[in-house]
Amino acid sequence: MPALALAQEQAATPSAPKLPSIVVTKAETRQMVDRIVATGTLKAVEEIYVQPLVEGLSIKSLKADIGDRVVADGILATLNVDALILQKSQYEANKAKAEASVAQYQAQLIEAQANLDDAIRQRDRTEKLGRNGTSSISQVEQAQATADVAQARLNAAKQAVTVGEADIKVVESQIADIDLNLARTDVKAPFGGLVASRNAKIGAIAAGAGEPLFTIIRDGQIELVADISETDVLRITVGQKAIVKVAGAKEPLNGSVRLISPTVDATTRLAAVHIAIDDDERARAGMYGSAEIVIDQQEGIALPLSAVNTDKDGSTVRVVNDGVVKQVKIETGIQDGAYVQVTNGIGGSDEVVAKAGAFVRDGDHINPVRDPAAM
């Protein structure tokens, strides 16, 4: 066939329509993690304030400093005991004086008892003689009065002994109080932990009011107090695992939810969640930190978020089968970063249009181009 005729025949034959090239991506099985990200400040789980148990004594020595780890009942500081020892000596002298007085009162009691016994014998004899007519009525009355006076003196002697013994007990309680204060001049840690601050200074007067001498982080435990929105707080439960990142740390720290605030701030609409950190040595109270709280983990079919179109009627994707686009309604689950879990609607080998906003409609023919980022 002449060349001119061949060209004319080709020109007369209509060319096939050129299909649009659309990037598609394949659904794949991925490990999906449902997480909540929050930020907050690292704080001590429990701070112990150590105050002196004895008022008005100067600090003699310090046994602990900031950053030291202390054990329960470990000595942190000692107080000067000179004033207490002097006071105890005075009380012991008062006790000896009171004991001497009681001994004197007891001697008087013995004498008063003997006088009473003699007065009673004289009275009984006089009354007997009076009945025989030998003694007069006045003599009988005088003998009775003498016996009454002797009884009164005996009662007074008994009361004096009782008062003296009470005085001894008072002084003994004062001495016991001094002994207790002497035992308390060692300022001890009620619990083991990490010394966070020290306000005690040698020579200063220790007082129970005002700033504590020492602040101890109990057992050295640190936690992240993170702020969670009210829409997420109900999804969190005590014991859930968390990954904590703190400023300056190269590797994240492991933790778990320890406590969830029962209230939401009326202004910020945030609730506090306390996340205990496992490795306390790598964290410091006051540092800024963020946490990823793991709510759930599932393995399932996942698509990029860009492939899913979501509106008030639900979520859809455009499945591509043999170059034909078909819009399919799907159900979604966990959203993990740039991916979303598809729980129903497509299979694990389906291909979908990578960009939900691509200008294609249901039934369109396309030239599918595989997403190079997914290959």
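Author: The conversation below goes through helices, strands and ring contacts in turn. Please keep in mind that this is a predicted model.

Reader: Let us start with the helices. How do the axes of α2 and α3 cross, and within what distance do they come?

Author: Helix α2 covers residues 82–132 and helix α3 covers residues 137–183. Their axes come within 7 Å and cross at roughly 165°.

Reader: What does that make them, roughly parallel or roughly antiparallel?

Author: An angle over 145 degrees counts as roughly antiparallel, and α2 and α3 are therefore roughly antiparallel to each other.

Reader: And which residues make up the contact, by type?

Author: The contact of α2 with α3 divides into 24 nonpolar, 16 polar and 12 charged residues.

Reader: Is the crossing left-handed or right-handed?

Author: The crossing in which α2 passes α3 is left-handed.

Reader: Now the strands, please. How many bridges join β2 to β14?

Author: Strand β2 (residues 28–44) and strand β14 (residues 288–304) are joined by 14 bridges and run antiparallel. Within that pairing, V33 stands opposite Q297 of β14, and A38 has A291 of β14 as its bridge partner.

Reader: What about β2 and β10, how many bridges are there?

Author: Strand β10 (residues 222–229) is joined to β2 by 6 bridges, and the two run antiparallel. There, T41 stands opposite V225 in β10.

Reader: Let me return to β14. How many bridges does β14 form with β11?

Author: Strand β11, residues 241–246, pairs with β14 over 5 bridges in the antiparallel sense. The bridge partner of V244 is A291 in β14, and A291 is also the bridge partner of A38.

Reader: And with β18, how many bridges does β14 have?

Author: β14 pairs with strand β18 (residues 339–344) over 3 bridges, again in the antiparallel sense. P304 stands opposite Y339 in β18, and A302 stands opposite Q341 in β18.

Reader: Then what do β17 and β18 form?

Author: β17 and β18 form a hairpin with 2 residues between them. G337 lies in the turn and has a positive phi of about 65°. Strand β17 spans residues 324–336 and pairs with β18 in the antiparallel sense over 4 bridges. One of the residue pairs there is E331 with its bridge partner N344 in β18.

Reader: Turning to the open sheets, in what order do the 4 strands lie?

Author: The 4 strands follow the order β3-β9-β8-β5, and their pairing is antiparallel. β3 (47–50) and β5 (69–70) stand at the edges with a single partner strand each, so one side of each has no neighbour in the sheet.

Reader: How is β5 joined to β8?

Author: By 2 bridges, with β5 and strand β8 (residues 193–198) running antiparallel. V70 stands opposite G193 in β8.

Reader: And the open sheet of 3 strands, what is its order?

Author: The order is β4-β6-β7, with antiparallel pairing. The edge strands β4 (59–62) and β7 (186–188) each pair on one side only. Neighbouring strands of this sheet are turned by 25° against each other on average, with direction ignored.

Reader: Which residue is the bridge partner of I75 in β7?

Author: The bridge partner of I75 is K188 in β7. Strand β6 (residues 75–79) and β7 run antiparallel and are joined by 3 bridges.

Reader: A change of topic, to the rings. How many aromatic pairs are there?

Author: The count is 0 aromatic pairs, taking ring centres within 6.5 Å as the rule.

Reader: Where does the charged end of R30 sit, then?

Author: The charged end of R30 sits over the ring of Y339, at 3.8 Å from the ring centre. Y339 is the residue that P304 stands opposite.

Reader: And R218, where does that residue lie?

Author: R218 lies over the face of F191, 3.7 Å from the centre of the ring.

Definitions and conventions
Residues numbered from 1 in each chain as written. Predicted model: local features only at pLDDT ≥ 70, side-chain atom pairs only at ≥ 80, totals over all residues. Heavy atoms only, no water. Axes fitted to C-alpha atoms, helices over the stretch in contact; angles between N-to-C directions. Parallel < 35°, antiparallel > 145°, perpendicular 65-115°, else oblique. Left-handed = near helix turned anticlockwise from the far one by under 90°. Nonpolar A, V, L, I, M, F, W, Y, C, P; charged D, E, K, R; others polar. Phe/Tyr/Trp six-rings, centres within 6.5 Å; stacked < 30°, edge-to-face > 60°. Lys NZ or Arg CZ within 6 Å of the ring centre and 35° of its normal. Pairing = 2+ DSSP bridges.
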